[in-house]
Structure formats: C-alpha cells, structure tokens
Amino acid sequence: MKKILTAVLATAMIASVFAGCGGSSAPASSAAPAASTPAASDSAPASEAAPAEETFNFKLAENQSEGNPISEGMKMFAELAAEKSGGTVNVEVYLDAQLGTENETIDQIQAGTLDFARVNTSAMASTADEVGVFTLPYIFTSTEQKYKVLDGEIGQGVSDALQKYNMIGLGFWESGSRNFYTTKKPITSVADMKGMKIRVQQSDVAIKMVELLGAAATPMAYGEVYQGLQTGVIDGAENDFVSYYTSGHYEVAKYFSLDGHMAPPAMLLMSKTAWDKMSDAQKTAVTEAAREACEWQRQAMQDYQNESRAKVEEAGCEIFEVDVKEFQDAVSEIYDMYPQYADVIAAIKEVA
C-alpha cells in the first residue's frame, strides 16, 4: 500500500494531460523545442522528408458481445486510434471472448503476446493487487464520486502501478453496478442466499463477499454462465443490467435483486511490450483515442442501463428492492481482510 500512496503523491505533482477518463499510466509525450533552421546552402539538401512512422496492426480482446456499450466503446477506440495516428495504429477488436477469458487475456498482456484487452478490475486484482481497492463492496458512494476518485490522483496512482506488471492502463471504463440475479427464487434478504451457488468472477473479493452472505461462490468464465444457469449448475450470478440483458441471462434467471454490491470499473490495458514499440506521436494518438472513447462509453453505459432494465421487465423479469444496509453489515468485515488498502480507503472516503 505504501507503493500505491507513493505513486499517488508523485502524480500529484504532474500536470494531468490525461484528465477525464483518467488513470492512464501512459507517460506524456513532450516534443522538444524546435531547433533553429540553418540557412540553406549549396551543400545542404533543399528539404529532408521526416522518417515514416512504422505501421502496427494490434489485437484487442473483449469478452462482451456486439451491441454492449463496452464493446461499442472498444470499436470506437479502434477507429479513433487509426484516425489520430494517420492510419499507423490499427486495432482489430475481437468480441465474445474469442481470445480468451479475462484472466487469460491479462496473462497474455503481461507476456506481450496480446496487445490490448478490456478487463474488469475484479479480474485484474489477482494479478495487480493495487486495483483491488476499487472492487470492494460499497467502496463508492455514487457514480459521480466514483469518477472523481478514478480520474483524480488516486486513480492515477493505481494506474501508474500497472507498469511494473508490463501493463499500460488506458483509463477506467464504466461497467455498471453489480446486482444478484437468480433462477429458482428471488433474493430479498441475506437469508435467501444461504446455500445458493452464485457465479462470481475469479476475484478473491467477490468470492469472500458471497461467502459472507451465506452462499457458495462459484468462479466461472463469463461465456459459460448462460448454460450454467440453464442447467442448474449454478443458482444465480451477479452483474449489471446491461450484461444481464445483452448476455441473455435474463431468459433463464428471471429474478433480479437491487443490492448494488459492487461498481468496479473496467480498464483498457495495453501491453507495455507493444506500447514501447510506438513513437511518441503514436502513444499520444492511442491515449487520446482511449480518453475520447471512454468518455462516450461512460454516458452510453448509463443510458443503456436504463434501457436494459426496461427491456428485461417487459420480458417478464421481476426486479426486487432489498435492504442494502443488511447486506452491507453482513460483509463489513471484508475491509479488515485487506489492511493494505486502509490508507487508500480513507482517501477515497474523503472524496465528496
């Protein structure tokens, strides 16, 4: 945790060229002052062409399907990167976990065998402990407060720490507020969760949270959840309204409970191996493309949350309000399990 706070304090002294959808650990490119041009002479060439930029064809892994605001944000990022780089940075987006699960793509990013991956911080926490603080239950008080944390010094410090894992963070993206949904009976209280098998991401925090609520945490790849719900391998899962709708999970799990236990952001990661190959101008193009696409995606996700809720209700799904405090109290001891986050948690609470 001292490492995280050191990074936070260091970034406080840097002018933030990455404000808005912040948390990019990409170093700012600074152009050197133009040198004075010597007078032309008979021995000097009339003009000298600038060296051509190397062209890169990168791959980006995304586990969501077509139409999800996260997926659309990734495609927008690819278009902007090509546009801003003058066609020298080309990114092909692979949807539906074609290139692997989130944890598999994180490993590939670290190894330098994959260029980009959009992953949830819940999946990242097992690799980069620094991001785990953002996955704790009820860590944010509102969406607005969350963005202030992520786009400010705290988010920048956490993002900077990713470089030691051979990863470059290109902003924090909106993944919605996660809630439980089930197949056989609704969750209206903590007692209802006893004995249920609930799918969670491969995250220590998510696993501990579900266990404290009395259920059996069942890590499972996202692409396997629909069949798991349909066949009864699991009794429920947890996600936001958009993923609940676009994945089709609402077709087999009709009960959705509004406990809002987590709002972990996603991150667009780039392998530092690939990052280091680009010129300063290309790095700037990629960073600006990520920021613009991220800003669009955040608003699109908020809009689509409302639309998705309306669609699943039209399809006959039932939405249940719960006593959130009962759930908060049941998992409160989870903060004590992560003493390394104590200082950052205190700093987050000070952000109004």
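Biologist: How do the residues lining the second largest pocket divide by class?
Modeller: The lining of the second largest pocket has 10 nonpolar, 12 polar and five charged residues. Ala, Val, Leu, Ile, Met, Phe, Trp, Tyr, Cys and Pro count as nonpolar, Asp, Glu, Lys and Arg as charged, and the others, Gly among them, as polar. This is a predicted model: local features need pLDDT of at least 70, side-chain atom pairs count only at pLDDT 80 or more, and totals for chains, interfaces and linings use all residues. Residues are numbered from 1 along each chain as its sequence is written, and side-chain values use heavy atoms, without hydrogens and water.

Biologist: Which residues lie nearest the centre of the second largest pocket?
Modeller: Rolling a probe the size of a water molecule over the atoms shows where empty space is left. A pocket is an open set of points on a 1 Å grid over the protein atoms alone, where a 1.4 Å probe fits, with protein on both sides within 12 Å along at least five of seven lines; lining residues have an atom within 4 Å of a point. Here, Asn63, Glu102, Arg199, Gln201 and Tyr222 lie nearest the centre, out of 27 lining residues.

Biologist: What is the volume of the largest pocket?
Modeller: About 480 Å³. Volume is the space filled by probe spheres set on the points, which are joined across faces, edges and corners. Thr143, Gly176, Ser177, Gly260 and Ala263 are the closest to its centre. Its lining has seven nonpolar, 11 polar and four charged residues.
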